[in-house]
Amino acid sequence: MAAAIALSTRGRGISTPNPNVGCLVVRERHVVGRGWTQRGGRPHAEARALEEAMERARGATLYVTLEPCFHLSPRGPRCADLIARAGIGRVVIALRDPDPRTDGQGAAWLRDQGIAVDMGLMAEEAAAAMAGFVLRQTLGRPHVTLKLGLSLDGRIALASGESRWITGERARAHAHMERARADAILVGGGTLRADAPRLDVRLAGLDDRSPRRILLTRGAAPPGWDAIAAPQDIVALDRVDHLLVEGGAAAAAAFLRADLIDRLLLYRAPIVIGAGLAGIGDIGLADLAQAHGRWRLSDERHLGVDRLEVYERVRSA
C-alpha cells in the first residue's frame, strides 16, 4: 500500500477534478500492474493498473489508495466493474471514498461479487496524499499550502524590496516541484506589482505542469490570471483541489487570519537580514497563548545550505 500511495502522488496537481489515486496489482508476490490517475482525471488508477496486468490480474490482489468508484459516468466505466471483470481475487483499500456517490457502495458491491475486500490499511497516509480531494469533499474547499523563503530572522527581502535570491538553487528547485504538485498558485497584488512573478515550473520535463495563476485582489486580474477578492473565495475555484500560496506578507497574513492554511513550507536560508521585509503581516492574534498548539512539524531536511521545515495545521476531528 505504501508503494500505491507513492504512485498516487504522481497524479497530484493534474488529476483534478478526480482524486489522485494510486493502484498496484500483485500476483504471487510480484507486481504485475501499476497505475495512477491521469491528467484530467481519466483513466483512473485501477484502469491503468489492470490494463498493464492483463490476464495476470485473474486471482491477483489489487491494492488501491481510494475505494473504487461505483457511480456511473459518461467519462468512463466504473472501476468496481473493471475489477470484477478482470477476475481480481482480493481488493485492499486504504481510504473509504467520502464522495457520496460511492461511499462504501463500491466495496459492498465487490463483496457481493465474491471478491474479498479489506479496507482501512494506511488510510491516514492515503488521505494525506489526497488531501485536496478529501478537503473538497468534506469542507468544500481546496487544501492550502503556504510557502515562504525566509532568512534566519524571518525576512523575505531587504528593506528596499530586493529578494532574489534568499534561498539557493536546491531549495528553489524543491519549491518548483511543489508548484508542479499544485492545481493553482496564488500571490497578492503587492507581489505582482513588485516582482511580476511568472509562477511557472522551471524544471526539466515538468514545464507543462505549471499551475493556474490566482491573484488576491479587489480589482481585476491581468490577462492569464484569475482573481479572488478574499481568502474565503477559494471555495468557488473550479478544478482546484491543491492551492499553493506564495506571497507576499499581506496575502500570507490574510490566509492565516482566515485559518485557511493547512500546511506550511518554510525554506530557511542561513543569512541574517535585519531591517528587511517581514515574511508575514499581522494575523490578528490577541494573545500569545492563541499561537501555541496550532502547528505540528511533519518533515524537515537540508536542501544544500538551506533548511526546509514542513508544518501541518493541527485541527480537531
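1. In this predicted model, the count of cavities of 30 Å³ or more comes to 2.

2. The lining of the largest cavity is made up of Arg12, His143, Thr145, Glu178, Arg181, Ala182, His242, Leu243, Leu244 and Arg263. Two elements, strand S6 (143-150) and strand S11 (242-247), each give two or more residues to this lining, and S11 gives the most, with 3 residues. Sorted by class, the lining of the largest cavity has 3 nonpolar, 3 polar and 4 charged residues.

3. Around the second largest cavity stand Arg12, Gly13, Ser15, Thr16, Asn18, Pro19, Asn20, Gly132, Phe133, Asp241 and His242. This lining divides into 2 nonpolar, 7 polar and 2 charged residues. A reader tracing both linings will meet Arg12 and His242 in each of them.

4. Turning to the nonpolar cores, the largest has 39 residues, and within it Val25, Leu50, Leu62, Ile83, Ile88 and Val91 touch the most other members. Strand S4 (residues 90-95) supplies the largest share of this core, namely 5 residues. Apart from this core lies another, of 23 residues, which includes Val144, Leu148, Ala254 and Leu264.

Methods:
Residues numbered from 1 in each chain as written. Predicted model: local features only at pLDDT ≥ 70, side-chain atom pairs only at ≥ 80, totals over all residues. Heavy atoms only, no water. Core = buried A, V, L, I, M, F, W, Y, C linked by side-chain atoms within 4.5 Å. Buried < 20%, exposed > 50% of the residue type's maximum accessible area, 1.4 Å probe, protein only. Helix = DSSP H or I, 4+ residues; strand = E, 2+ residues; numbered from the N terminus. 1 Å grid on protein atoms, 1.4 Å probe; cavity = no way out; pocket = protein on both sides within 12 Å on 5 of 7 lines; lining within 4 Å. Points joined across faces, edges and corners; volume = space filled by probe spheres on them. Nonpolar A, V, L, I, M, F, W, Y, C, P; charged D, E, K, R; others polar.
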